[in-house]
2 protein chains.
Amino acid sequence: MERSYHGKILHVDLTGGRTWVETPPESFYRKYMGGSALGLYYALKEIPVGADPLGPDNVLVLSLSVVTGLPISGQSRATATAKSPLTGAIGDGQAGGFWPAEAKAAGYDAIVMKGRAPKPVYLWIHDGQAELRDASHLWGKITGEAEALIRQELGDKRIEVLQIGPAGEQLVRFACLINMANRANGRTGLGAVMGSKNLKAVAVRGKDRPRAADPEALQRLAKWGAQNIDRTMGTFPLYGTAETVGLQQASGGLPTYNFRQGVFDRFQDIDGVTMYDTILVKRDTCFACAVRCKRVVDIQGKGFEVDPLYGGPEYETLAMFGSNCGIADLAAISKANELCNKYGLDTISCGGTIAWAMECFEKGLLTAEDTGGLELRFGNVEAMVEAVKLIATRQGIGDLLAEGSVRAARKLGRGSERFLVAARGQEYPAHMPATKRTLGVIYSVNPFGADHMSHEHDPEIEGEGPAHERLTRFGILNRIPMHDMGPDKIRFALYTQYMYSLADSLDVCQFVWGPASWSPFGPDEYIEFVRAATGWPVSLFELIKVGERRLNMMQAFNAREGLAAPDTLPPRMFEPLSGGPSDGWALDPEEMKQAFRTYLSMAGWDVETGAPTRGKLEELGLGWIAGRTG
Amino acid sequence: MERSYHGKILHVDLTGGRTWVETPPESFYRKYMGGSALGLYYALKEIPVGADPLGPDNVLVLSLSVVTGLPISGQSRATATAKSPLTGAIGDGQAGGFWPAEAKAAGYDAIVMKGRAPKPVYLWIHDGQAELRDASHLWGKITGEAEALIRQELGDKRIEVLQIGPAGEQLVRFACLINMANRANGRTGLGAVMGSKNLKAVAVRGKDRPRAADPEALQRLAKWGAQNIDRTMGTFPLYGTAETVGLQQASGGLPTYNFRQGVFDRFQDIDGVTMYDTILVKRDTCFACAVRCKRVVDIQGKGFEVDPLYGGPEYETLAMFGSNCGIADLAAISKANELCNKYGLDTISCGGTIAWAMECFEKGLLTAEDTGGLELRFGNVEAMVEAVKLIATRQGIGDLLAEGSVRAARKLGRGSERFLVAARGQEYPAHMPATKRTLGVIYSVNPFGADHMSHEHDPEIEGEGPAHERLTRFGILNRIPMHDMGPDKIRFALYTQYMYSLADSLDVCQFVWGPASWSPFGPDEYIEFVRAATGWPVSLFELIKVGERRLNMMQAFNAREGLAAPDTLPPRMFEPLSGGPSDGWALDPEEMKQAFRTYLSMAGWDVETGAPTRGKLEELGLGWIAGRTG
């Protein structure tokens with residue numbers, strides 16, 4: 001029987017310039033599947049407790065899964081795992097594109113990189129061969145240029161490049177990894193980890209495409225899913241995540257002026273429909289995906305020039321640089337997005353940090369003297385774009401902001417911490433706990449900090465009436481009133497968190513593969529997919545346990561660092577929002593405190609420390625972690 | 001769409017002679033499914049904390065499930081639930097036969113009975129009508145006679161009768177419920193509960209057979225399963241559970257002389273093959289089941305006469321009255337079995353109590369004076385049969401033994417407690433922890449006391465090599481060495497316990513529906529079955545959560561009574577066995593202590609008290625129980 005993975009892990013010692021191959025048994029793949037769970041296995045085994053995230057002891061894992069690279073929508077994604085320089089806890093990020101499928105075809109299921117190269121290098125993997133090459137001439141280059149140079153010098157246009165930009169080299173704490181010059185393993189600052197290792201890029205090319213154990217079943221599933229896209233996803237393929245701007249506005253959940261409002265009076269100017277009608281030139285895609293949700297914009301002479309190579313802004317980017325900075329200028333946002341992709345910055349943390357700085361500036365906690373004259377006011381288009389540049393290059397005020405808002409506030413003092421909107425050191429994404437309450441819990445308990453792709457917060461679910469059919473597979477039979485925070489709501493968050501955690505361990509796209517009713521594939525199709533790919537007769541029980549395992553591995557990592565307790569909620573979350581449907585809405589501190597306890601207890605985590613109990617780890621086959629922590 | 005359940009629960013107030021009908025919503029059925037979980041719902045809601053198990057406050061629930069009565073093998077079973085007079089904790093027992101399917105056709109999914117009738121009554125349910133009828137003339141009658149009288153007076157030979165015999169009337173603490181005069185809800189003494197309520201019988205007849213939501217899918221599954229029987233079950237249909245005698249002997253796991261040996265030199269005389277070749281006259285069955293595993297024996301003039309109406313001995317009965325009492329006489333064992341079915345006694349507790357008494361007698365702790373001259377020695381055929389009669393009627397030494405071995409030892413004193421082989425007040429069944437180690441944990445932690453049908457202990461699983469395919473659905477990929485008691489073994493026990501717990505909530509036969517490789521149906525077929533029956537798109541995750549829910553409901557019941565902590569292991573378990581393959585084998589106290597802690601922590605139960613954590617209850621949608629316990 002063919003198998004959909006290579007059974008080969010590439011290890012790279014950057015200090016010694018050495019590579020070697022590990023061949024784990026089948027049971028290893030069935031237990032961890034790939035992606036995040038697989039990456040965490042190496043993070044837990046190889047990163048010493050207390051390691052400096054920017055030191056050679058940190059280990060960066062790029063991992064694919066047992067389904068990556070198969071010809072079906074939503075499977076070409078890769079996970080990056082390392083200790084986060086932004087949070088000090090576990091770091092994690094997924095990205096789509098063509099790199100993941102190409103990396104799989106190059107012959108490995110994962111790449112585990114440790115140490116620090118004496119001088120800039122890049123890793124070149126082709127048809128099972130791995131080689132560290134000099135990258136001195138690439139250091140300092142923006143992503144598009146570095147990618148072109150690598151393809152040129154290796155003489156193959158179809159090489160895919162995952163890399164850091166100058167921001168990663170400069171150790172900006174929210175620097176990201178970029179592939180195709182526009183796809184980002186965005187969060188937790190893993191670009192700085194790569195930078196600290198003097199590793200510029202990982203270039204891949206290969207012909208060893210994975211083969212499904214049951215190619216006919218896979219083909220049937222792929223076809224079924226493709227036919228489902230229009231019916232379930234509606235206008236999503238057309239407008240992309242950008243259409244979320246209008247949806248959030250309608251429910252009062254569009255973060256505006258640093259999360260002080262849930263509505264933005266000029267939201268239409270930055271909505272996905274407007275983007276489609278004005279600057280969009282192309283819908284881009286990931287390997288084998290029929291959805292084509294990615295934006296490509298081309299802007300000339302609207303105050304900013306934007307190169308289409310760098311894609312176009314997603315919803316998060318639109319909201320964080322747009323409404324949350326009081327900005328209604330699509331060209332400016334697109335420029336900020338392009339800069340982030342050129343320099344390798346996480347748009348969410350970047351936008352959130354700038355919004356925080358804007359509020360500090362307007363309230364006099366940051367002055368023009370601090371900013372070198374930059375008028376960092378809400379709505380100041382030029383200042384916002386300039387701030388991105390300064391951060392990417394750590395110039396002027398950018399050097400402070402490159403530390404992320406939480407560290408910056410600590411350095412700045414002056415009471416600036418009260419304007420932070422972050423959890424575990426990471427800026428909130430553009431989904432508001434005031435309107436979707438489970439976010440208030442998940443942002444604080446999620447092991448890698450505030451994240452919006454770690455559980456389901458579909459407005460179809462938080463409401464009245466019967467739950468949609470897919471959710472009933474988790475025993476969730478009814479929708480739960482929007483603002484309710486009782487055990488049923490927490491269970492819904494936890495169970496869907498396991499599902500999303502599974503997605504990140506299979507490295508599949510959570511839009512295409514979700515428990516949500518609007519995803520073309522749902523839980524039943526996960527089973528079919530993994531069965532068709534691997535030949536293993538998996539059940540949903542087994543798959544969800546993979547997701548739960550990955551979440552517990554993350555939290556176990558944090559427990560070793562003494563960082564497992566949930567973060568407190570930012571004070572802003574208790575301040576009533578103003579305007580629109582969410583006018584006056586705020587979280588209740590006591591209710592949230594109880595919700596945290598419910599979550600921890602339900603997850604099998606210590607209610608005080610947040611650490612997974614020994615029994616929970618052992619249930620998940622992770623006793624080896626408990627042994628290490630004693 | 002047709003549905004496979006009535007949506008009707010019959011409530012009976014025996015004190016007031018009143019009945020009424022409750023109609024729970026669909027979500028109730030999907031959450032609890034039926035059987036044990038459904039019974040526990042009412043036990044938890046309606047039995048006051050501290051209630052006397054033999055008082056009117058106890059509530060007895062007879063429950064069917066959303067699949068009971070459909071035309072497929074292994075579904076005609078019913079659960080009895082109440083507070084146990086044997087253990088003081090939750091009581092539970094399942095039985096097959098034709099009663100369950102007929103009870104379903106009579107119009108109800110469950111019968112909830114409380115109070116105490118002023119004089120003996122029986123309940124007559126036919127075509128949705130329920131009636132309490134005088135049973136004065138039936139009181140004192142053995143089961144076969146009472147059944148015949150009821151059929152006669154109601155004028156319908158196809159009436160099915162579930163009843164107590166004289167032992168239940170006499171409040172023997174291990175009295176059982178009997179249907180068809182030979183099927184028993186055997187354990188935890190629920191016959192005494194029925195007796196204490198002056199309720200002789202529940203007679204049922206009806207035409208409202210359940211209809212599957214998808215009859216074609218059900219038919220396909222039934223046919224597939226029937227074709228599987230020969231392939232997977234081998235000689236089981238032919239020899240029944242009785243063939244286990246030889247299998248246990250071969251592995252050194254046949255309890256002999258009150259659990260002092262795992263081999264019995266005359267085992268062949270009581271083995272299933274011998275039974276088949278000598279006294280077996282018929283293989284009997286349950287409604288719609290193609291396996292036909294039940295034994296019917298007819299004995300005339302071999303020292304004992306045995307009426308075929310009362311069936312024939314199962315493995316448990318053969319071992320408990322046979323090898324464990326040092327008896328190698330099939331006729332005597334069949335007679336003891338017949339008496340248990342006539343009088344309504346659990347053969348396991350009865351045999352275990354007699355074996356304990358025999359050891360006490362041989363060691364001089366019980367004297368001929370105590371026994372009224374009965375020479376209660378191992379191997380004394382007549383004394384064993386006589387003891388059963390005395391227990392059933394509470395005469396002579398039988399009055400002490402009718403309390404069960406644990407209470408009897410407490411009353412007797414004289415150091416007799418050191419010969420007990422029981423957990424939580426209930427005698428061990430005929431499977432030995434020394435050979436199958438997980439039993440040592442499950443016997444002690446199982447909420448309703450020592451039970452052999454609460455998890456998987458297939459010798460195919462405890463061993464070396466890859467686990468069989470079905471188990472991989474639980475993430476159990478490898479077999480685990482026989483005597484290993486590490487976390488992997490405990491997880492295997494816990495997960496299969498959830499599966500068995502699900503079986504008891506769907507009221508399906510654990511032989512026909514198992515995670516074991518030799519069951520015709522496995523986990524995948526559970527999904528198909530419940531989907532076909534109900535139309536609900538269930539997953540294995542949801543189903544296993546039903547099993548986990550039921551187990552936690554039981555344990556929550558015990559926690560309210562202060563009885564949630566695992567029982568200690570009997571001293572005998574630490575004494576080395578003698579002879580055969582298990583010569584010298586014994587449990588290790590420290591290893592078992594650690595195993596208990598691992599189990600409790602893994603289950604989400606407090607490691608000290610054994611009570612389910614609030615988070616675990618809330619995860620399972622059982623917050624209402626936590627609320628009640630404060």
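Between chain B and chain A of this predicted model, the count is 2 salt bridges. One such bridge joins A:Asp524 to B:Arg531. Their closest N and O atoms are 3.3 Å apart.

How many residues of each chain take part in the contact? On chain B there are 31, and they touch 31 residues of chain A. The size of an interface is often given as the accessible area lost when the parts come together. Here the buried area is about 2,700 Å². Carbon and sulfur atoms give 58% of it. Three residues, B:Phe541, B:Glu618 and B:Glu619, supply 23% of the area that chain B buries against chain A.

Within chain A, helix α7 packs against helix α21. Two packed helices are described by the angle between their axes and the distance between the axes. The table gives the values for this pair.

| Item | Value |
|---|---|
| Helix α7 of chain A | residues 215-233 |
| Helix α21 of chain A | residues 523-534 |
| Angle of packing, α7(A) and α21(A) | about 145 degrees |
| Distance between axes, α7(A) and α21(A) | 9 Å |

The crossing of α7(A) and α21(A) is left-handed. From α7(A), A:Ala217, A:Leu218, A:Leu221 and A:Trp224 meet A:Glu525, A:Glu528, A:Phe529 and A:Ala532 of α21(A). Of these contact residues, 6 are nonpolar, 2 are charged and none is polar.

Definitions and conventions: Residues numbered from 1 in each chain as written. Chains lettered and ligands numbered in written order. Predicted model: local features only at pLDDT ≥ 70, side-chain atom pairs only at ≥ 80, totals over all residues. Heavy atoms only, no water. Axes fitted to C-alpha atoms, helices over the stretch in contact; angles between N-to-C directions. Helix = DSSP H or I, 4+ residues; strand = E, 2+ residues; numbered from the N terminus. Left-handed = near helix turned anticlockwise from the far one by under 90°. Contact = heavy atoms within 4.5 Å. Nonpolar A, V, L, I, M, F, W, Y, C, P; charged D, E, K, R; others polar. Buried area = accessible area lost by both parts, 1.4 Å probe. Salt bridge = Lys/Arg side-chain N within 4 Å of Asp/Glu carboxyl O.
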